[in-house]
Amino acid sequence: MEDAWTHLGPLQWATFVDKELRVTAGTEARQFEGWLLTVDPVSASMVLVTFSAAGGAGIQVVTGHAVRHVEALQEGDVATTRRLRSLFPAPEAEGPDPRRRAAVRRWLEENRVPVEERGDRLRVAGALTVVAPYGPDDCSGTNQIVLDRIQKLLERHRRQEAAAAAERREVDVAS
């Protein structure tokens with residue numbers, strides 16, 4: 001595939017993922033070899049992985065605009081695909097913390113704000129929703145005035161929680 005890499009697009013690039021490639025890039029026709037982990041859909045840059053005999057891995061990024069030629073050397077097997085995916089595991093999704101949700105709900109109620117739980121979400125004043133982890137940036141709603149006021153309340157709650165946690169640490173250190 002001569003000079004056409006950037007013009008292929010994500011669907012065609014995906015066919016090269018998990019394959020061992022030889023890539024010629026740059027005006028000097030420099031060659032890179034490795035297993036294709038992913039391709040950036042905006043820049044067409046590719047991430048190549050090489051595995052060492054000692055068990056480590058090397059990463060090279062070849063910028064999409066520099067790619068001159070791509071040659072598939074071999075298909076990856078299940079073990080290779082698993083090994084590639086293990087390099088950058090997906091972060092564990094944190095589920096909503098029911099204690100945090102309850103604390104935020106209590107705080108809002110203490111400040112005379114009507115709030116009800118709807119599953120893992122808090123519905124506040126019938127005008128906005130707060131999702132995990134229940135901070136000021138986790139609010140969504142169309143009424144900007146209510147949104148601003150609730151975000152300020154949640155920010156004040158966060159500051160008070162941080163101050164209380166710092167005070168507890170001071171007491172623990174003094175003991």
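Mentor: Let us begin with strand pairing: two strands pair if DSSP finds at least two bridges between them. Helices (H or I, at least four residues) and strands (E, at least two) are DSSP runs, numbered from the N terminus. In this structure, Gly-34 in E2 is the bridge partner of Leu-21. Strand E1 (residues 19–25) and strand E2 (residues 30–39) are joined in the antiparallel sense by 6 bridges. Please note that this is a predicted model, in which local features need pLDDT of at least 70 and side-chain atom pairs count only at pLDDT 80 or more, while totals for chains, interfaces and linings use all residues. Residues are numbered from 1 along each chain as its sequence is written, and side-chain values use heavy atoms, with hydrogens and water left out.

Trainee: In what order do the 5 strands of the open sheet stand?

Mentor: The order is E4-E3-E2-E1-E5, with antiparallel pairing. Strand E4 (57–62) and strand E5 (67–75) are at the edges; each has a single partner strand, so one side of each lacks a neighbour in the sheet. On average, neighbouring strands of this sheet are turned by 40° against each other, direction ignored; axes here are lines fitted to C-alpha atoms, for helices over the stretch in contact, and angles run from 0 to 180 degrees between N-to-C directions.

Trainee: Is Thr-24 buried or exposed?

Mentor: Buried means under 20% relative accessible area, exposed over 50%, and partly exposed in between (1.4 Å probe, protein chains only). Thr-24, which lies in strand E1, is buried because its relative accessibility is 12%. Contact means heavy atoms within 4.5 Å. Leaving aside residues up to four places away in sequence, Thr-24 touches Ala-29, Arg-30, Gln-31, Ala-66, Val-67, Arg-68 and His-69.

Trainee: Which residues of helix H4 are buried?

Mentor: The general idea is that an α-helix has 3.6 residues a turn, so residues three or four places apart point the same way. In H4 the buried residues are Arg-100, Arg-101, Ala-103, Val-104, Trp-107 and Leu-108. They cover an arc of only 165° around the axis, which puts them on the same side of H4; the arc is that of the directions from the helix axis to the C-beta atoms. Arg-99 and Glu-110 are exposed on the other side of H4.

Trainee: Which residues are linked in a network of salt bridges?

Mentor: A salt bridge is a side-chain nitrogen of Lys or Arg within 4 Å of a carboxyl oxygen of Asp or Glu. The structure holds 13 salt bridges. The network links Arg-101, Arg-105, Glu-109, Glu-117 and Asp-120. Within it, Glu-117 meets Arg-101 at 3.1 Å, N to O. This pair links distant parts of the chain, with Glu-117 in strand E6 (residues 115–118) and Arg-101 in helix H4 (residues 98–110), 16 residues apart. Glu-117 is partly exposed at a relative accessible area of 35%, whereas Arg-101 is buried at 10%. Glu-117 also forms a salt bridge with Arg-105 (3.4 Å, N to O).

Trainee: How many bridges join E6 to strand E7?

Mentor: There are 4 bridges between E6 and strand E7 (residues 121–124), and the two run antiparallel. Val-115 stands opposite Val-124 in E7. The hairpin of E6 and E7 has 2 residues between the strands, and Gly-119 takes a positive phi near 70° there.
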